[in-house]
Structure formats: structure tokens, C-alpha cells
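Q: Could you take me on a close walk through the place where the two chains meet? I'd like one connected story that I can follow with the structure open.

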Amino acid sequence: MSLLYAMVIKTIAVNTFREAIRDKILYNLLVFTLIVIAASVLLGRLTIGQDQRVIKDVGLAAMSLFGVLIATFVGTSLVHKEIRKKTIYTMISKPIRRYEFILGKYCGLLLTMFANLVIMIVVLFAVLMLHSLLFSHQLVSGSEPMGYASLLKAVALIFFELMLITSVAVLFSTISTPSLSVFFTLAVYVIGHLTVDLKELGAASKSSLVNGLCSLCYYVLPNLDNFNIRAEMVRGLSVGGRFVFYAIVYGALYMTAVLLVSILSMERKEFV
Amino acid sequence: MLVVRTENLTKEFRESSLIRRHCVKALDSLNLQVEMGEIFGYLGPNGAGKTTTFKLLLGLIFPTSGTAWVLGKHIREVKFKREVGFLPEQPYFYDYLTGEEFLDFYAQLFRFDKGTRKQKVRNLLAMVGLEEAGSTQLRKFSRGMLQRIGIAQALINDPELVILDEPLSGLDPIGRKEVRDIIFRLKSEGRTVVFSSHVLSDVEAICDRIGILMQGRLQRVERLDEFLNVEVESVEMTVSGLNQMGREAIQSLGGQIIHDGSKTVIAVHGISSPIGEAAIPQILAAIRESGAKLASMMSRTQSLEDLFVETNALNGAAKDTRYKTQNARHEEEVPCVESGVLGLGS
């Protein structure tokens, strides 16, 4: 029986993926490629012997940025678009459960972002290889602190961060308007990277109200810095497997909780 | 067996503005029964509550009170939807899909295997006359083609019950005939069809029974064969060259001049009574004697339009009950009652 539910989720996910491809969402890859190539040509020349480090840093930042933009703008429109275009009428009138619909849409968007990241990492590796072939004589010994394996580890955590942000976007799309959903999701992303600072700010504050609010944000909003190991990677600092494992478990639990709330919201939603 | 049964099904929509919050009753204590194998026409002006009824039955919205069963299953269940097909009003679909992909997608939601899906898609495209458009994206479809592919998706699961919301709107005469033929075919296969329409002549030609909904209330349910097989109500004659003497003679015989111009239209009512029947030859003689010429003579039975207008008049509805809200509905303000999935009645 659960296999049958999974089949419906897969069907909706594949359709969502197909929609993203045909709506030309992957065109962002062209911009990404241009940024990485530009970084390799221009920024590399400004830093002596740090060319590859700069390319990786810019590449990872661009991956994260494009991913967050897709997660936010596509994720928040997942349910709204179905309602606005009234395609939800024929969907819900079929023998599918609302949670299958939400999970299918969510998985479809994750599939899109996964494909996006895979192509991005291939482009990044290609540029790095090409760059090292062309400018190998310029490399300073010991200037490559971050290998390809570490790079993949950083990308994996970016993907988990995007999974979490997408679940937040889906939640807002079930309870709020499209524009507010975008605003709230971006707000969660920004604050999510500042939660530790917020907690410290609260602790330093003399007001119990400020302290309480900061603590609330710290515990309720996701701590997205758990997924950001780019700085450590670029500086050549090692990040333990245990840290990555805990970050993934944290992300999975938070994402599950957010999706559960989205499903509850969807179950009560009326499509007038 | 009853395919659809509703018990005091009621739906209120909450609407709020900056100043106040109120509810509008879109459907008021609907008690409707649709029998297996019949074609049921659901009529009513815009905003009467037809689409709201369909959405309630299919779980798109939840009743404020009352409840309903479809194919013997409560509307809260999902299982009955395996046996139901639905075409929404002015359907919008995933326009990035081709005709074949679109139908295959819906077939997958019913968990059909690949071979069955392929067969179904081919048959349905042929049935709605879109074989040539199978590999065309829906965004390139005309309005009529979208309506037809919409009907095809509603039939993808060979449903026992087909609910069609305004299936004839936006179609040219040939398209309408094709849809009518599809509905007849469904009936001949023993399926039940419930559909709403504004095209009364089509409803009259297709339906076994009709229900008229006005301002959220079901006003009447009639069997069309019983209702339309009544005796001749009146006779209308069109004559030219009728002089004043002829007019007076006709009026004295019970004829009513309903239009006077280059041609005169005379109506004779109460034709089923012996007096009314006897008046016809006398009026014809009066026309002949006055030197006028008879252009045409038509008998009138009660039509669905008459029934509709009469019901509307009895209901005391405003001349134009049309409201343009997101989901057109009539505007009767009522105190808000909590609704939702848990707000179902017994």
C-alpha cells in the first residue's frame, strides 16, 4: 500500500520536475557558468597563487545563492500556482491524498535543485581543471587547501540547506500569499544564518523581553550556519564527519517537522 | 441505487474587509439525490451554487454543515474518487504537457500500468477527436480543444459517475454535438452523468432529470420526459395584412395580439380546453375573411426555459443575480459558523 502512495508522490514529483525544466528554470545555469568562468579569468588574476581557492569560493557562493533563489521563488509558488491556474481542481478530484500532493511537489522541486547542483558542480570542476591545466605554472606550492572531496562535502551541505529552505517555502505557500511567502522565506534564510548572533545579542541585552525574543528565534528558526562549511573548506580547515552527520540529521528533522505542519495546513485548505 | 446523496448540505464563505467580517451562504441545506445511470442536469444562474456543490462533493472545499455521500461513500473519504471523473468549469491544465503526456499523467495517478495507460490515452484521444494533437503542448490548444482534452481526463478511469461543470461552454456547434454524443455514450454504457449548463436547449435534449438551484437553494427537481410531454399550451400565428376589423374579430374569439407591425403575431392560449381548440378554426376563418395572409402557425409546449423562468420568478430572484467573486456565489449575509474538515455534520 505504501508503495502505491510512493508511486503517486513520484508521479507528481516527476511532473513538477518536468514543469521546472520546461519553464526554463535551469537557464540559471548559464548565469552560473558565466560567473564561475568570469571568476576564474578576472578574480584569479588579482590573487597571487590563490586562483583555485577564489574560483571554488565564488562557485560555492553562487551555488548557494542560486539554490536559495530557486527554493524561495519556485517553492513558494508550488501551491499558489496550482490554485491560481486552477489545476488543483483536477488534482484533488483524483484519488490522491493531500499529503501526497505536497510531498510530490516538494520532491519534484528537490529533484530540480539536485539536477541543478549536479550540473553546477560539473561546471565548477571543469573550470577548475581547465584553469589548472592552463595556469599550472602559476600555482604556488601548498596553495590548494581544498580538494575535490571537500568541495563535494560542502556542496552536500548546501543541498541539505536548500532542502530545508524549500520546506519552509512550501509551508509559507500553504498559509500565506505569494509575495508574503517570498518575504518570509527569505527572512528565515537571512535570520537562519544569524541565530547564534541573535542568541548572543539576547544574552547581552538587559531587557528580558529582548532576551526572550532572541531565544525564541534561536530555538524556533533553523540554524543554517550548521550547513555552511564553505569558509572552513576554503581556509583549509578540516570539518569532521561527525559535524556533517549531525548537520544532516538536524536538517532532516527540521525539514520533517516543517513538512508535517505544511501537510496539516494543506489538509484544512479550501480551494474556492 | 443513489450515486449522489446530500443531506442539508450547506456552505458558507467567510469574507472580511477592513471594517467588518461576514459570511455569505453559497449553498443552503441542499438535499439532492442522483440515481444510478441517469443524466442529471444541474441548472441555475451564475452564483446559484452549482460549482460549490461539485467542489463539496469532490473534497475541494468542506461543508459548513450537513453532509453527502458519493457512490455510497462519505465525501471525506478518498476512495470513491477512483470511480469519479470531473471536468471543472473553464478548465486550466498543465499547459507545458502535450496531449498524450497530460492524459498519461492523470492515468498514473490512478496507478494504471504502462500498457494500460498507453491504450487508454490512445482511445480517449480518438474519442474526443484529438488524435492529431497528441504530441502538441496544451498551451497551443484552442478553447474547444482544451474542453475536449478536459473531458478525456475526466474519463481516464472509466468512472461510474462523471461530473461536468459547464462542459458545453466555449464550444462551437460541432463541438457541442460531439460532447452531447459523448454524454449519450456514457449513459448507454450505464454511467451516471451530472452536469451543469446554461445552454437550456442542450439540457433539454440530453437530461433525464433536472434540478434547478437558485440562490443556493434547490427549488425543484423534475423528470424531463414527464415535464416536457405535456399537451400543447398555446398556438402562435403570424399573419400579414391584417386589418382593424380582423383584429377585433380575432380578439373577440380569444386571440391575443402579441406583436403588431408589418406582420402580426397572434397567440391563442388554453388550447387544450375544448373552447380553446374550437377557437383555432374560427380565428383562421377571421384571418381569411379580413383578407390577411397566414405566414406561419406554431404550437408551443412548455419548454425548459419556461420552467426556468417560472422558477426564477417564483423565487423572487433579482433580474440579474450575477456576482463576480472569485467563486461566484449569491450574497446572503449570515452569521459566521466555524467550518472546516472537522466541521462536518452527521
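A: One cut-off first: a residue counts as buried when its relative accessible area is under 20%, as exposed when that value is over 50%, and as partly exposed in between. Keep in mind too that this is a predicted model.

Let's start with the overall contact. On the chain A side, 33 residues touch chain B, and 35 residues of chain B touch back. Putting the two chains together buries about 3400 Å², with carbon and sulfur atoms giving 59% of that area. On the chain A side, the residues that lose the most area to chain B are Lys94(A), Pro95(A) and Val272(A), which together make up 19% of what that side buries.

Now for the polar side of things. Between chain A and chain B there are six salt bridges, and 14 residue pairs are in polar contact, counting pairs with both residues at pLDDT 80 or more. Which elements of chain A give two or more residues to the side that touches chain B? They are helix 1 (2-22), helix 4 (87-92), helix 5 (98-134) and helix 11 (241-268). Helix 1 of chain A supplies the largest share, 10 residues. By type, the chain A side splits into 13 nonpolar, five polar and 15 charged residues.

Let's zoom in on helix 1 of chain A, at Glu19(A). Glu19(A) counts as buried because its relative accessibility is 11%, under the 20% cut-off. The side chain of Glu19(A) makes a polar contact with the side chain of Tyr96(B), at 3.4 Å. Setting aside neighbours within four places in sequence, Glu19(A) is in contact with Lys81(A), Lys105(A) and Tyr96(B).

Next, the salt bridge between Arg22(A) and Glu101(B), where the side chains meet at 2.7 Å, N to O. Side chains of opposite charge can pair when their charged atoms come close. Over all chains, a search of the whole structure turns up 25 salt bridges. The pair of Glu101(B) and Arg22(A) crosses between chains, running from helix 2 (residues 99-109) of chain B to helix 1 of chain A. Arg22(A), with a relative accessible area of 26%, is partly exposed.

Another crossing pair is Glu270(A) and Lys11(B), whose side chains form a salt bridge at 2.6 Å, N to O. Glu270(A) sits in the segment after helix 11 of chain A, while Lys11(B) is in strand 1 (residues 2-16) of chain B. At 24% relative accessibility, Glu270(A) is partly exposed, whereas Lys11(B) is buried at 0%.

For a look at helix 4 of chain A, go to Thr90(A). Thr90(A) is buried, with a relative accessible area of 0%. Which residues does Thr90(A) contact, leaving aside its neighbours within four places in sequence? They are Phe86(B), Pro88(B), Phe93(B), Tyr106(B) and Gln153(B).

Chain B has 10 helices and 16 strands, and 53% of its 346 residues count as buried. Chain B exposes about 15900 Å², of which carbon and sulfur atoms supply 49%. Among contacts in chain B between residues at least 6 apart in sequence, 72% join residues at least 24 apart.

One salt bridge within chain B is worth a look alongside the crossing ones. The side chains of Glu38(B) and Arg209(B) meet at 2.8 Å, N to O. This pair links distant parts of the chain, 171 residues apart: Glu38(B) is in the loop between strand 3 (33-35) and strand 4 (39-43), and Arg209(B) is in strand 10 (residues 209-214). Glu38(B) is buried at 5% relative accessibility, and Arg209(B) is buried at 11%.

Finally, back to Glu19(A), which belongs to a network of salt bridges that share partners. That network joins Glu19(A), Asp23(A), Lys81(A), Glu82(A), Lys85(A), Lys105(A), Asp95(B) and Arg139(B).

Key
Residues are numbered from 1 along each chain as its sequence is written. Chains are lettered from A and ligands numbered from 1 in the order in which they are written. This is a predicted model: local features need pLDDT of at least 70, side-chain atom pairs count only at pLDDT 80 or more; totals for chains, interfaces and linings use all residues. Side-chain values use heavy atoms; hydrogens and water are left out. Contact means heavy atoms within 4.5 Å. Buried area is the accessible area (1.4 Å probe) that two parts lose on being put together, summed over both. A salt bridge is a side-chain nitrogen of Lys or Arg within 4 Å of a carboxyl oxygen of Asp or Glu. A polar contact is a pair of N or O atoms within 3.5 Å; within protein, one must be able to donate a hydrogen and the other to accept it, and residues adjacent in sequence count only if both atoms are side-chain atoms. Helices (H or I, at least four residues) and strands (E, at least two) are DSSP runs, numbered from the N terminus. Ala, Val, Leu, Ile, Met, Phe, Trp, Tyr, Cys and Pro count as nonpolar, Asp, Glu, Lys and Arg as charged, and the others, Gly among them, as polar. Buried means under 20% relative accessible area, exposed over 50%, partly exposed in between (1.4 Å probe, protein chains only). Accessible areas come from the Shrake-Rupley method with a 1.4 Å probe; for residues, only the protein chains shown count as cover.
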